[in-house]
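This report looks at how side chains and strands pair up in one protein model. Please keep the sequence and the 3D view at hand while reading.

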Amino acid sequence: MASMLLTRPIAQALQHKSRLSVPFCRYISQAAAKKNVDFEYDSPLMKTEVPGPRSRELIKQLNSIQNADAVNFFCNYEDSRGNYLVDVDGNRMLDLYSQISSIPIGYNHPALIKVLQQPQNLSTFINRPALGILPPENFTEKLEESLLSIGPKSLKQIITMSCGSCSNENAFKLIFMWYRNKERGHSSATKEELETCMVNQYPGCPDYSILSFMGGFHGRTMGCLAATHSKAIHKLDIPSFDWPIAPFPRLKYPLEEFVRENQDEEAHCLEEVEDLIVKYRKKKKTVAGIVVEPIQSEGGDNHASDDFFRKLRDITRKHGSAFLVDEVQTGGGSTGKFWAHEHWGIDDPADVVSFSKKMMTGGFFHKEELRPDAPFRIFNTWLGEPSKTLLLAEVINVIKREDLINNAIQTGKVLLDGLLDFQARYPHLVSRARGRGTFCSFDTPNEATRAKLISQARNKGLVLGGCGDRSIRFRPTLVFKEHHAHLFLNIFNDILADFK
C-alpha cells in the first residue's frame, strides 16, 4: 500500500499527459524540445479563479485559529509534480516561485520518492534524533555525501540547523564567540565574565555588533531582525540592537549605460562600511562581523558587482571582522553556480556561509578557527534533521546527473532575454530586468500594479512572487527547463498585452 501511494503522482502524470495542451498565446517565443520530464504535466490547467471556493473555505477555517492573511491558497501536494503546483480546487499552475525558492528539483521527483521507498532509509524518516547528543551511526557519512560534498572551498566545518533564521542566528553567535576568544588571547573566561553574563552585563556580554545592509533580509528571530531591513512589517514593535546599517548599492539599469554612476555608487557604499566600523569602534560597539547576501532577495533582488563583494571582503580582513555570506536564498545552483559567491572569483570568499531552502536543511559552513571551543555553545535539540541530508544527497546526484547547474544558465538566459524583450515592448509595466541564472526579476511601476500582475498571472496558471517595494521575482526549480521558460513568456505576454 505504501508503495502504491508513493508512486501515485507519477502514474497520474502519465494518465493526464495525453490530454493536456498549451494555452493559446500571442507571444513569438519558440517552444523548446522537452527532455526528461515524463513525470510532470505539459501545461497549466485552470478550473476556477484562485483562490477557489475550496481554498477560501479552508482559509476561513484556518483563520479561526491563527492569522491566515498571508495564505494565497491551499495546495494538493499529492497531485503536484515537477514544476506544476496543484491547488485544492484542481487548478494546475506553472510554479516559478517554488515555495519561496525552496524546492530544488520539483514536486514529487521520482528520485526522491525512490529514496523514501527504500527500506534501509525508513528509520531515518521515522526517528528524529537530538543530533547534538545522540546522532545516528551514519550521520558523519551522510554529511560527507551531502553537504560536505558541495561545501564552499576553504570551509570544512559544518553545523546543521532547521531553518535559515536559526542558521544566521547561530552564525552570529559563532562570530561573537570567535571574536571574544581572539580578544582574550584564547584563554579561559574569567570568573567575572561567567558571573556578569548571567545578568546580561559586560564583560560577560560584550557589546559587539554585526554590520548589515539596508534592504537585507537575514531572518525574523531577534538577532536576525537587527540585521534585517527589507520590510517594516518584519520589525515593527520588536526591540532591537544598536548595530550598524550600511547602504547597499542601488544600481542603475541597463548596466552598460551607467558604468561610471554604478562604480561611484558602490565606492560610496564601501566607504560608508569603513566609516561605520570606525564609528562603532569609537562607541565601543565593535563590529565583530559583516553579513551580506550575494543578491538581496526579500529586499528587492538588489545586485552589486563582483568587484563590490571582493572589496567588501578586503574590508573585513583589514578590520579583523568575520565575513558571513548569507546564501539561504541564493545557494543551491539557481544563479548558475552552486553558491552565488563563486561568481566573485575569490580564493577565500568567506569565513561563514549560511544556507537553507533548496539545501533541504539549514545550517552554516565555517572556518576551523571559528569552531566552538566547548560543547553546548552552538546547540539546540534537533540541530537539523538526518532525513533532509539523506534527501539532499539524492538532490545533488540529480543535479550532477542532469547537469542542472548548466541548465540554470541556459534557461536563465531564455528567461532574462524574454524579460528584456517585455521591457522594450511594455516599458510602462516592466523595467530594470535583471538576473543571474534563473534568479531573475523585474520592477513594476508600483505596488498596486505588481499585486494585480501577480493575481492575473495566478489566474492564468502562473505562480509568481514579489519582493521589495515593487519587484516581481522568479525562483523556479532547478528542473525548470527552456520550454518552461517559453511557456511562461507566452502566457505572461498575453497578460501584459491585455493589462489595464
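In which helix do aspartate 264 and arginine 260 both lie, and how many residues apart are they? They are in helix H11 (residues 259-282), 4 residues apart, about one turn of the helix. The model examined here is a predicted one.

## Salt bridges within helices

Side chains of opposite charge can pair when their charged atoms come close. In this model the count comes to 26 salt bridges. One of them joins aspartate 264 to arginine 260, at 4.0 Å from N to O. Aspartate 264 is partly exposed, because its relative accessibility is 44%. Arginine 260 has a relative accessible area of 55%, so arginine 260 counts as exposed.

A salt bridge also links aspartate 307 and lysine 311, with 3.0 Å from N to O. Both residues belong to helix H12 (residues 306-319), where they are 4 residues apart, about one turn of the helix. Aspartate 307 is partly exposed at 31% relative accessibility, and lysine 311 is partly exposed at 42%.

In helix H6 (residues 139-145), lysine 142 and glutamate 145 are 3 residues apart, again about one turn of the helix. Their side chains form a salt bridge whose closest N and O atoms are 3.4 Å apart. Is lysine 142 buried or exposed? Lysine 142 is buried, because its relative accessible area is 18% and the cut-off for buried is under 20%.

## A network of charges

Some salt bridges join up into a network. The residues linked in this way are Arg313, Asp314, Arg317, Asp348, Asp351 and Lys367.

## Aromatic pairs

A pair of aromatic rings is described by the distance of the centres and the angle of the planes. The structure contains 26 aromatic pairs. Phenylalanine 308 and phenylalanine 309 make up one of these, an edge-to-face pair with 5.3 Å from centre to centre and 85° between the planes. Phenylalanine 308 and phenylalanine 309 are both buried.

The pair of phenylalanine 355 and phenylalanine 365 is tilted, with 5.1 Å between the centres and 45° between the planes. Phenylalanine 355 lies in strand E8 (residues 352-355) and phenylalanine 365 in strand E9 (residues 362-366), so this pair ties together parts that are 10 residues apart in sequence. Both phenylalanine 355 and phenylalanine 365 are buried.

## Ring cluster and charges over rings

Which residues do ring pairs link into a cluster? The members are Phe172, Phe176, Trp178, Tyr179, Tyr208, Phe241 and Trp243.

Arginine side chains also meet ring faces. Arginine 92 lies over the face of tyrosine 41, at 4.2 Å from the ring centre. Arginine 475 lies over the face of phenylalanine 439, at 3.6 Å from the ring centre.

## An open sheet

An open sheet is formed by 3 strands in the order E1-E2-E12, with mixed pairing. Strand E1 (84-86) and strand E12 (462-463) are the edge strands, and each pairs on one side only.

How do E1 and strand E2 (residues 92-95) run, and how many bridges join them? They run antiparallel and are joined by 3 bridges. Tyrosine 84 has leucine 94 in E2 as its bridge partner.

Notes:
Residues are numbered from 1 along each chain as its sequence is written. This is a predicted model: local features need pLDDT of at least 70, side-chain atom pairs count only at pLDDT 80 or more; totals for chains, interfaces and linings use all residues. Side-chain values use heavy atoms; hydrogens and water are left out. Rings of Phe, Tyr and Trp (its six-membered ring) pair if their centres lie within 6.5 Å; planes under 30 degrees apart count as stacked, over 60 as edge-to-face and the rest as tilted. Buried means under 20% relative accessible area, exposed over 50%, partly exposed in between (1.4 Å probe, protein chains only). Helices (H or I, at least four residues) and strands (E, at least two) are DSSP runs, numbered from the N terminus. A charge sits over a ring if NZ of Lys or CZ of Arg is within 6 Å of the ring centre and within 35 degrees of the ring normal. Two strands pair if DSSP finds at least two bridges between them.
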